[in-house]
Amino acid sequence: MTYTMEEYSWGIVGSATTNGWGGPDMMFHYNSFQDDWRAVVTLGDGEVKFRFNNDWGVNYGDDGADGTLDSYGANIAVSAGTYKIEVNFSSMTYTMEEYSWGIVGSATTNGWGGPDMMFHYNSFQDDWRAVVTLGDGEVKFRFNNDWAINYGDDGADGTMEANGANIAVSAGHYLVTMNLNTQSYTMEEMDVWGLVGSATANGWDGPNDKFMPDFGVNEGYYYLTG
C-alpha cells in the first residue's frame with residue numbers, strides 16, 4: 001500500500017499581481033466539470049503570465065493578444081480591476097472577464113452613483129471581503145458597478161435579497177463580508193490602518209489606502225497591493 005503526493009498547481013504571476021514577478025503566484029482552482037482552471041483575482045495595472053508550480057520551467061503568455069496561449073509567450077497586459085480568469089489547456093485558450101462586487105450607497109465615499117467600494121475575493125472561505133470607512137447612511141451590494149444585479153436586506157437580519165431594501169449603517173470602520181453561497185453578510189467594526197502619501201491614490205490628504213487582513217494564510221497579517 002503506497003501513495004505519492006505530487007505538487008501540481010497553476011498560477012498567475014506578473015507585475016499586476018500581489019507578489020510581482022517573483023511570486024508566489026496567485027493560484028488557480030481546477031474545475032473538473034469543464035476541465036479548466038479558474039481564479040477570481042484583483043490585479044493592478046501591469047502584465048501577467050500563467051505558470052506551473054510557481055516556476056518558470058513551464059509558462060504561457062499570449063503572443064497575439066488574441067486569447068490563445070503560447071508557450072513562453074508575450075506578457076499579457078491588464079488594467080487594474082477584479083477578474084474571473086479561466087484557462088483551458090485542452091484548447092490552449094483563456095478568458096479574462098471583469099468580475100467584481102462592491103458596496104454602494106449614501107454611506108460610501110462616492111454615494112449612490114459610485115464607483116463602488118470594492119470587495120476582494122477570499123478563495124480560502126469562498127466569500128468576498130472589504131475593509132471600508134462608512135458614514136451615517138445606507139448601502140447595498142452590487143455586481144460590476146451596475147444595478148442589474150444588486151442585493152439589500154429586507155429584514156435587517158444579515159440575509160441578502162436580490163433588489164432588497166437598503167441597509168442602514170452608522171459611521172465607522174468596518175470589515176464587511178459577503179457570502180453568495182449562503183446569501184448572507186456581516187459588518188464587523190474594526191480598527192483600520194492605512195497608507196497615506198504622495199504615492200497613494202488620494203495623496204497626503206487621504207482618504208487612506210486601507211490594509212486588508214490576510215485571510216487563510218497568515219492570520220494577523222495585513223497587506224496592501226497596487
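Thr42 has Thr82, in strand β9, as its bridge partner. That pair belongs to a predicted model, in which local features need pLDDT of at least 70 and side-chain atom pairs count only at pLDDT 80 or more, while totals for chains, interfaces and linings use all residues. Residues are numbered from 1 along each chain as its sequence is written, and side-chain values use heavy atoms, with hydrogens and water left out.

Strand β4 (residues 36-43) and strand β9 (residues 81-88) are antiparallel and share seven bridges. Strands here are DSSP runs of E of at least two residues, helices are runs of H or I of at least four, and both are numbered from the N terminus; two strands count as paired if DSSP finds at least two bridges between them. On to the next neighbour: β9 also runs antiparallel to strand β10 (residues 93-98), with six bridges joining them. Within that pairing, Lys84 stands opposite Glu97 of β10. The hairpin made by β9 and β10 has four residues between the strands, and Met92 takes a positive phi there, near 55 degrees.

Now for the chain as a whole. The protein chain holds 24 strands and zero helices. Its radius of gyration is 19 Å, close to the 17 Å given by the globule rule for 226 residues, so the chain is as compact as a globular protein of that length. (The radius is taken over C-alpha atoms, and the rule is 2.2 Å times the number of residues to the power 0.38.) Along its principal axes, the C-alpha trace spans about 55 × 45 × 40 Å. Of the 226 residues, 42% are buried, where buried means under 20% relative accessible area, exposed means over 50%, and partly exposed is in between (1.4 Å probe, protein chains only). Take the contacts between residues at least 6 apart in sequence: 54% of them join residues at least 24 apart, a contact being heavy atoms within 4.5 Å.

β1 is joined to strand β5 (residues 46-52) by four bridges, and the two run antiparallel. Two bridges also link β1 to strand β2 (residues 26-27), again in the antiparallel sense. Gly11 takes part on both sides: its bridge partner in β5 is Arg51, and in β2 it stands opposite Met27.

Most residues other than glycine have a negative phi, and most peptide bonds are trans. Between β1 and β2, the loop contains Pro24, which is joined to Gly23 by a cis peptide bond with omega of about 5 degrees. Another cis bond runs from Gly114 to Pro115, with omega near 5 degrees, and Pro115 is found in the loop between β11 (101-104) and β12 (117-118).

Positive phi turns up in loops too. Asn145 has a phi near 55 degrees and lies in the loop between β15 (137-143) and β16 (146-152). With a relative accessible area of 30%, Asn145 is partly exposed. Gln183 likewise has a positive phi, about 55 degrees, and its loop lies between β19 (172-179) and β20 (184-189). At 25% relative accessibility, Gln183 also counts as partly exposed.
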